[in-house]
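These are my notebook entries on one structure.

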Amino acid sequence: MHAMVLNRIGAALEWTEPPDPQPGPGEIRIKVSACGVCRTDLHVVDGELPDPQVPIIPGHEIVGRIDTIGTGVQGLNIGERVGIPWLGHTCGVCPYCIGGQENLCDYPRFTGYTRNGGFATATIADARFAFPLGETGADVALAPLLCAGLIGWRSLVIAGKGEKLGLYGFGAAAHILVQVAKRQGRSVYAFTRPGDTATQDFARQLGAAWVGGSDEMPPELLDAAIIFATVGDLVPLALKAVRKGGRVVCAGIHMSDIPSFPYRLLWEERQLVSVANLTRQDGIDFLHRAPGMGIITKTTAYPLKQANQALADLRAGRFAGAAVLVP
Ligand SMILES: [Zn+2]
Ligand SMILES: [Zn+2]
């Protein structure tokens, strides 16, 4: 197989040719056909997540076909198209797993962070965490659904049913979520970097009811806001933009420090919460609904070998929507 490997935190990924991996009991091997590039991959490369492990193959928005099945795997077939998400393994016995919050498992493994991911021609996955994708939709178009879509979906559910929804940061997740939220009859208020008119135009095209810079107040108070950008300064701004009893959801795995802010921004039962990871039920709920929601992902495809360029372009905000690596 071929893979783009992170050998040292902060270094460029290196093109390598490791031996073909073999699935152990309960595992499958997937021939990768597309793998999305997520902001979290940058956090992995930059060493911003706890206990970084190297060498590691990043990538956790994997679409591919099963080509080998380990012992004891049931319900999956050779040749079947599956998606492999960020949540790669849970222990099944900790209080969180037992209590229906496997996203908070005490002993999890995460694809592309603590187990090898999809910046490769092949990968091994725990079969219980593979989502059958069916045959509708192109591989590249589906890849961003596996994290941007899924974490966006979980964030939307946690944001509640409010009609006026703010999205701070209009990247891969928000460009999917605006379509989902519109479909649900909500109005989306999209906040971008101040002056980023290209992204604002993009948000408008996808159906945002209002677009503006993150330093602007929306024309009316919001029921909820989701922060996808990794900028802690947005937290007090979002709290200011939601109504009494409104909720602000931080959807990222990493954020710069949140500045201190007056208590009155939180007062009146405003809520500030974070979203961590996903459960398999989130995946089932979202991926079952996705084909019927008519989501169109905007993707920029890069050859696998150009993974470093894709990461650099993501960091610099050089494309709209999502980057996807194709082996
Ligand atoms: Zn991700
Ligand atoms: Zn657990």
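Entry 1: Donors are N, O and S atoms within 2.8 Å of the metal (3.2 Å for Na, K and Ca); water is not among the atoms, so sites may look incomplete. Cysteine 38 sits in the loop between β3 (27-37) and α1, and cysteine 147 in the loop between α3 (139-142) and α4, so the pair ties together parts that are 109 residues apart in sequence. The helices (H or I, at least four residues) and strands (E, at least two) that I name are DSSP runs, numbered from the N terminus.

I then checked the accessibility of both cysteines. Cysteine 38 is buried, at a relative accessible area of 12%, and cysteine 147 is buried as well, at 7%. Buried means under 20% relative accessible area, exposed over 50%, and partly exposed in between (1.4 Å probe, protein chains only).

**Entry 2: basis of the values.** I record that this is a predicted model, in which local features need pLDDT of at least 70 and side-chain atom pairs count only at pLDDT 80 or more, while totals for chains, interfaces and linings use all residues. Residues are numbered from 1 along each chain as its sequence is written, chains are lettered from A and ligands numbered from 1 in the order in which they are written, and side-chain values use heavy atoms, with hydrogens and water left out.

**Entry 3: zinc ion (ligand 2).** Which residues coordinate the zinc ion (ligand 2)? I found Cys91 (SG), Cys94 (SG), Cys97 (SG) and Cys105 (SG), at 2.3 to 2.4 Å. The spacing of these donor residues in sequence is C-x2-C-x2-C-x7-C. Cysteine 91 belongs to the loop between β6 (87-89) and α2 (95-98), and cysteine 105 to the loop between α2 and β7 (109-110), so this pair ties together parts that are 14 residues apart in sequence.

I looked up the geometry next. The four donor atoms subtend angles of 104 to 119 degrees, which makes the arrangement around the zinc ion (ligand 2) tetrahedral. Four donors count as tetrahedral if all angles lie between 85 and 135 degrees. For comparison, I noted that the ideal angle for four tetrahedral donors is 109.5 degrees. Cysteine 91 is partly exposed at 25% relative accessibility, whereas cysteine 105 is buried at 7%.

**Entry 4: α1 and α9.** I examined helix α1 (residues 39-46) and helix α9 (residues 307-316), whose axes come within 10 Å and cross at roughly 105 degrees. α1 is therefore roughly perpendicular to α9. Axes are lines fitted to C-alpha atoms, for helices over the stretch in contact, and angles run from 0 to 180 degrees between N-to-C directions. Angles under 35 degrees count as roughly parallel, over 145 as roughly antiparallel, 65 to 115 as roughly perpendicular and the rest as oblique.

The contact (heavy atoms within 4.5 Å) involves Arg39, Asp41, Leu42, Val45 and Asp46 of α1 and Leu311, Leu314 and Arg315 of α9. I noted four nonpolar, no polar and four charged residues in the contact of α1 with α9. Ala, Val, Leu, Ile, Met, Phe, Trp, Tyr, Cys and Pro count as nonpolar, Asp, Glu, Lys and Arg as charged, and the others, Gly among them, as polar.

**Entry 5: α4 and α8.** At what angle do the axes of α4 and α8 cross? For helix α4 (residues 148-159) and helix α8 (residues 280-289) I found roughly 105 degrees, with the axes coming within 10 Å. α4 and α8 are therefore roughly perpendicular to each other. From α4 the contact takes in Gly149, Leu150, Trp153 and Arg154, and from α8 Asp282, Gly283, Asp285, Phe286 and Arg289. Three nonpolar, two polar and four charged residues make up the contact of α4 with α8.

**Entry 6: backbone.** I checked the loop between α1 and β4 (62-69), where proline 55 is placed. The peptide bond from valine 54 to proline 55 is cis, with omega near -5 degrees. Aspartate 51 is in the loop between α1 and β4 too, and its phi is near 50 degrees, a positive value in a residue other than glycine. Aspartate 51 is exposed, at 64% relative accessible area.

Notes. Four donors count as tetrahedral if all angles lie between 85 and 135 degrees; four count as square planar and six as octahedral if opposite donors are over 155 degrees apart and all others between 65 and 115; anything else is irregular.
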